[in-house]
Structures are given as structure tokens and as C-alpha cells.
Amino acid sequence: MKLTKLAPIAMVAAVALAYNAKAQVSFPLVNLTISGTVSYNAASPADNGKTTKSALTKVSITTKSLISLLTNSPTVISTLMDVTGTNQIPAGSYFVYDLNTNNVLYDPNFGTPGEEGEEVMALIVTNKNGFSFTLAGYDSVAAANYDYGFLNIDQVNLIGSYSQNDTTGAGSESDLTGIEFYFNDGNGNQLDDYGNGVMTWSFGKVSTNSVQKTTLSVNFPAPNGCNDIVNYNAAIAQNVKCSGKATGNVVSVVFPFYLWWLELDIFGY
Amino acid sequence: MRPKFVFAMLLLALLVLGAAFIFKQHWGNAAAPPSINESVTSAPVVSAAPPSAPVPVPAVPVSTNVLTPEQRQTAIDAETDRLQQWSMNDDPASLSNILADLTNPEKEIRDAAIEAAKQFGSTDAIPTLKAVAANTTDTEEQIALLEAANFLSLPPVDFRQPTPPKTQQ
């Protein structure tokens, strides 16, 4: 067999290995806080006979208000019912950011799910009592993708600095990457914002079973409002920021994260 | 010795003994050493009355002098976790707890408290945020406190009566 024929097989195998390797690593879920402001024209220009005026309306965004939008969206509630079997988001729910879950939103135009699609990193609405609703995924009842939100880090443009003790394996790392924050309640409100994010890692010493206590802090400002919509009005988001922190045990192969991530994702890009 | 004098002396002695007993009890309690396990800062839960004008409550300091750096960080993380939970509630007690942490000795907790106040989303927090800002020497923190106060003065993005669409999704 010619080598050129082997190349596609090798590529498929590399991608499969990459996904498999990701699946074997479990990152702690980052309890995420989201805040920002959005400006838009809530009303048409008004003319008093002498002057015509139009004003901007500015509103705030918080974790609580975004969850309120989801709660008040019939589209979201329908999906929620299909996916979780419940028709309401419990009070006190919050967002977590899941580096472990890279949901692929399959493009139906490419036929079989899994062949092609957009990979997005999961934003999950959850609470302390076991409720969990991933904001992007596949609704098997409706037999369709749904996409109410995600928080992506750039798959390729991820750079970092780190310091690691050769003996203990402990150390720290600071990564820079491009990020995209997407939110859509399916009810006339959408945020699609970009920025440069910082991921700060603190790794403890490596234990005998090759794991190390790891703290991950994310500071993801998304100041660049790109395709924002508020109540069906064109809008511009400002100062949107997603931030949070989590601690858990992670297999030591992940440190430094930016190199591990790139080794995995460069094949899938 | 006259009986009246002896009686007076006995009465005086009883009074002195009684006073000594009371003083011993009071000072004995006050001098009890604090527990070294007590580390954080769980801000006090105050009354459930509506916080119409919350007053800054001095936060209980993290006793950093008896904690290792790891223990200190654990205590800070625990308090910031609590702040995040309080921020998702809607009750006055949670708001009071958040506002109490605006004056916590740990900067990381104060920063988390500012964010929690924003997330809680009550205009009742504005006077306290401004009052704490007026008493803060850290310029960056002052700005953050005032920005949080301004943020809370905005209405939240929460719509129940849609207007005619102007753009296509």
C-alpha cells in the first residue's frame, strides 16, 4: 500500500487518540461567574417637532440574569425537558465551565453525526443538588443539535509560561489564549463575544499514582462584542468577563497544560 | 469592739468577696485563648430584616498568624466559595454576609465580595459599596467598588415583553 493512502488513516487515528486522551483526563469543574454590560437601542428615534433623538439603553449581565433568560425561554425549557426530564432550572443554579467536555455540534449537512462539526467547550448550568444541563449538545428527542452557550478557548493559539520542580513535579503555569463566549437563549437574546483569556495553574507535587493537586483559575474577559442581540435588537456588549477557580486532582501528564493541549489538538484542527 | 462596727466590717467583707467573685468570672471568660482551628471568616448572618441601607459590618479576620500558607489559601477558597453561593441567593442574610466581606482583611476575599455583590444584583448594596470605597486607601479597589455600585444601578438584562425584532438571528 502506498504511503499516501496510509496518511488519511493515520490522521483519523491521531484524532481518535487525541479525543481518547482528553477523555482520560479529568479537570476540575470551574465555578464560573459572568458579568458585563450590554448597550442597545430599545426604542425608535423620537421626534418632538424640533429635535429627533435616539438613546442607548444599557443593561447589566450577571450569572443570575443569564440563567433567568434561560428560565424564561420556551425554547430552552423544551430542550431542557427533552434532555433532563425536568421543565425548570432550579433556583440558585449557576454556571460551571467544563474543560473535560468538548461537545461536537454536528453539522447535519455532513451526514453521519461525528464526521464533521464544530467542537465547543461546555458551559453547564448546575446546582448543589445534582441538576445539570449542558448548554450545547444533541437533543435526542428532537433529533437536533441545540446550542444555548459555550466558552471556547482557542484550539491552536494557546501559549504559556511555566516553572516545574524537577524532583517533585510541582509548579505553576500561566497560559494566554483567545476565547469566545457564546450565549443564546433562543428567545431574542444573544451574546457572542471575544477576548484574550488567562488560565493560571498551580500544580502540587506528583503523588505515587501520578496525579497532582491542581488549581485552575480562569480570567476570560470578552470585551469584543461581535454579534450581540438583546431582545431582538442589535447590541454591543462591553466588559463581559467570565472568571472562576477550581481545585482537583489531575493526572501529571497535563503539566504544562498548553503543550499537552496543543499536542492533542493540533491533529484535530 | 462594738457590735455595730463588727457587723459593718462583716458586711463590707462580704461585698468585697462578692465583687471579687464577679470580677473573676468576667475576666476569666475574657481571657480565654482563641481556638487555633478557628480560621475563617464566615461572615456573621445578621437579621432577616430587609437591608434597606446595609451598614458595613467589620468582617472576622482570617487568623493568618496561626495558619500555614496552604491552610490560609484553603480558608480563603472556602470563603470565596461561600460568597459565590450567597451571590446566587435572593435573601437579605446572604446580602449582609457578602457586604460584611467587603472589609475582610484578605484582598482575595474582598475582591470576591465585590463580584458577589454585583452578582447578587441588589441596589441595596450600593450605599455600602460607596461607603467602603470612601474608606479604602487602595485606589484599584476603590475603583472596583465604585464600578460595582454603578453596575448595580443598571437594570438587568431580563425581558418579558418582547419588542418588534430589528435584526434577524
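Me: In which loop of chain A is A:Pro256 found?
Reply: In this predicted model, a cis peptide bond joins A:Phe255 and A:Pro256, with omega about 0°. As for its place in chain A, A:Pro256 is found in the loop between β16 (233-251) and α4 (257-268).

Me: What is the phi of A:Ser210?
Reply: The place of A:Ser210 is in the loop between β12 (190-203) and β13 (211-221) of chain A. With 10 C-beta neighbours inside 10 Å, A:Ser210 counts as exposed. A:Ser210 is not a glycine, yet its phi is positive, at about 60°.

Me: Are α5(B) and α6(B) roughly parallel or roughly antiparallel to each other?
Reply: Helix α5 (residues 126-134) and helix α6 (residues 139-152) of chain B pack with their axes 9 Å apart, at an angle of about 165°. The crossing of α5(B) and α6(B) is left-handed. Angles over 145 degrees count as roughly antiparallel. The two helices, α5(B) and α6(B), are therefore roughly antiparallel.

Me: How many nonpolar residues are in the contact of α5(B) with α6(B)?
Reply: From α5(B) come B:Ile126, B:Leu129, B:Lys130, B:Val132 and B:Ala133, which meet residues of α6(B) including B:Gln142, B:Leu145 and B:Leu152. By class, the contact of α5(B) with α6(B) has 1 charged residue, 1 polar and, as nonpolar, 9.

Me: Which elements do the buried residues of α2(B) pack against?
Reply: Helix α2 (residues 69-87) of chain B has 19 residues and reaches 27 Å from its first C-alpha to its last, close to the 27 Å expected. Among its buried residues are B:Ile76, B:Leu83 and B:Trp86. The buried residues of α2(B) pack against elements of both chains: β1 (30-40) of chain A, and α3 (92-100) and α4 (107-120) of chain B.

Me: Which element gives the most to the side of chain B that touches chain A?
Reply: In the contact between the chains, 22 residues of chain B meet 28 residues of chain A. On the side of chain B that touches chain A, α2 and α4 of chain B are the elements that give two or more residues. By class, that side has 9 nonpolar, 7 polar and 6 charged residues. The element that gives the most, with 3 residues, is α4(B).

Key. Residues numbered from 1 in each chain as written. Chains lettered and ligands numbered in written order. Predicted model: local features only at pLDDT ≥ 70, side-chain atom pairs only at ≥ 80, totals over all residues. Axes fitted to C-alpha atoms, helices over the stretch in contact; angles between N-to-C directions. Helix = DSSP H or I, 4+ residues; strand = E, 2+ residues; numbered from the N terminus. Parallel < 35°, antiparallel > 145°, perpendicular 65-115°, else oblique. Left-handed = near helix turned anticlockwise from the far one by under 90°. Contact = placed C-beta atoms within 7 Å. Nonpolar A, V, L, I, M, F, W, Y, C, P; charged D, E, K, R; others polar. Expected span 1.5 Å × (residues − 1). Buried ≥ 20, exposed ≤ 12 C-beta atoms within 10 Å, placed from the backbone.
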